[in-house]
Amino acid sequence: MAKIIKFPEQKRIDTEAERLLQVADEIDAVIVNHLRDGQIDPRELAGVLAHRLGTLMRHIDQKSVLWDFCEKVLKSQAAID
């Protein structure tokens with residue numbers, strides 16, 4: 001299965017990192033599954049993900065700090081700038 005986000009491999013990672021990697025793998029599986037059949041435009045799927053992230057961030061304190069981080073990660077992953 002293709003990976004959308006590549007995490008550096010480490011010999012030992014903590015429990016929280018393991019959980020986050022599992023969540024990332026599950027999200028990747030859903031994305032790849034829906035892109036594979038060609039029924040969903042990647043731009044539409046990106047819009048859905050942005051909507052869900054915005055809804056999640058609504059429940060988080062210090063949104064501006066998290067937003068700056070998310071913006072940097074998104075730009076890096078999308079090769080923007």
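Modeller: Let us start with a pair of side chains: Glu71 forms a salt bridge with Lys75, and their closest N and O atoms are 3.6 Å apart. Please keep in mind that this is a predicted model, in which local features need pLDDT of at least 70 and side-chain atom pairs count only at pLDDT 80 or more, while totals for chains, interfaces and linings use all residues. Residues are numbered from 1 along each chain as its sequence is written, and side-chain values use heavy atoms, with hydrogens and water left out.

Biologist: What makes the contact between Glu71 and Lys75 a salt bridge?

Modeller: The term requires a side-chain nitrogen of Lys or Arg within 4 Å of a carboxyl oxygen of Asp or Glu. The closest N and O atoms of Glu71 and Lys75 are 3.6 Å apart, so the pair meets that limit. Both residues lie in helix 3, four residues apart, about one turn of the helix. An α-helix has 3.6 residues a turn, so residues three or four places apart point the same way.

Biologist: Which other pair is a salt bridge, and how far apart are its closest N and O atoms?

Modeller: Arg43 forms one with Asp41, at 2.6 Å between the closest N and O atoms, and the structure holds two salt bridges.

Biologist: Why is Arg43 called exposed, and why is Asp41 called partly exposed?

Modeller: Buried means under 20% relative accessible area, exposed over 50%, and partly exposed in between, using a 1.4 Å probe and protein chains only. Arg43 has 67% relative accessibility and therefore counts as exposed, whereas Asp41, at 30%, counts as partly exposed. Glu71, with a relative accessible area of 32%, is partly exposed, and Lys75 is partly exposed at 30%.

Biologist: What is the predictor's confidence in the chain?

Modeller: The chain averages a pLDDT (the predictor's confidence in each residue, from 0 to 100) of 87, and 86% of the residues score at least 70.

Note on methods. Helix = DSSP H or I, 4+ residues; strand = E, 2+ residues; numbered from the N terminus.
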